[in-house]
Amino acid sequence: MTTTNNTKALIESVKEILTQDGDLLRNIIQQVLQEMLEAEMDQVLGASKSERSDKRLGY
């Protein structure tokens, strides 16, 4: 029973935070997508941003 009450309280807190800052969710999603794309690019290139690799022949 307490878990249900805690979950409801948590949901209400999250709703309140999201209504206070309408762009919060957009900013979070944008940051997560950016990190995912950069990680995928690093994996494909075999090197991180500004890092050299023997496999990397062009820029």
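The chain comprises 2 helices and 0 strands. The structure described here is a predicted model. Helix H1 spans residues 2-20, and helix H2 spans residues 24-45. H2 contains 22 residues and extends 32 Å from its first C-alpha to its last, close to the 32 Å expected at 1.5 Å a residue. Just after H2, glycine 46 adopts a positive phi of about 80 degrees.

A nonpolar patch is present on the surface, formed by Leu10, Val14, Leu18, Leu25, Ile28, Ile29, Val32, Leu33 and Met36. Together these residues have about 790 Å² of accessible area. Both helices take part in the patch, as H1 and H2 each supply at least two of its residues. The largest share, 6 residues, is provided by H2. Leucine 10, one of the patch residues, is located in helix H1. The relative accessible area of leucine 10 is 55%; this residue is therefore classed as exposed, because the exposed class begins over 50%.

Charged side chains were also examined. Side chains of opposite charge can pair when their charged atoms come close. The structure holds 1 salt bridge, in which the side chains of arginine 26 and aspartate 23 meet at a distance of 3.8 Å, N to O. Arginine 26 is exposed, with a relative accessible area of 58%, whereas aspartate 23 is partly exposed, with a value of 39%. The two partners thus fall into separate accessibility classes, since a residue is exposed over 50% and buried under 20%, with partly exposed in between.

Terms used:
Residues are numbered from 1 along each chain as its sequence is written. This is a predicted model: local features need pLDDT of at least 70, side-chain atom pairs count only at pLDDT 80 or more; totals for chains, interfaces and linings use all residues. Side-chain values use heavy atoms; hydrogens and water are left out. Patches are made of residues with over 30% relative accessible area and no salt bridge: like charges are joined within 9 Å, nonpolar side chains (Val, Leu, Ile, Met, Phe, Trp, Tyr) within 5 Å. Accessible areas come from the Shrake-Rupley method with a 1.4 Å probe; for residues, only the protein chains shown count as cover. A salt bridge is a side-chain nitrogen of Lys or Arg within 4 Å of a carboxyl oxygen of Asp or Glu. Helices (H or I, at least four residues) and strands (E, at least two) are DSSP runs, numbered from the N terminus. Buried means under 20% relative accessible area, exposed over 50%, partly exposed in between (1.4 Å probe, protein chains only). The expected span of a helix is 1.5 Å times one less than its number of residues.
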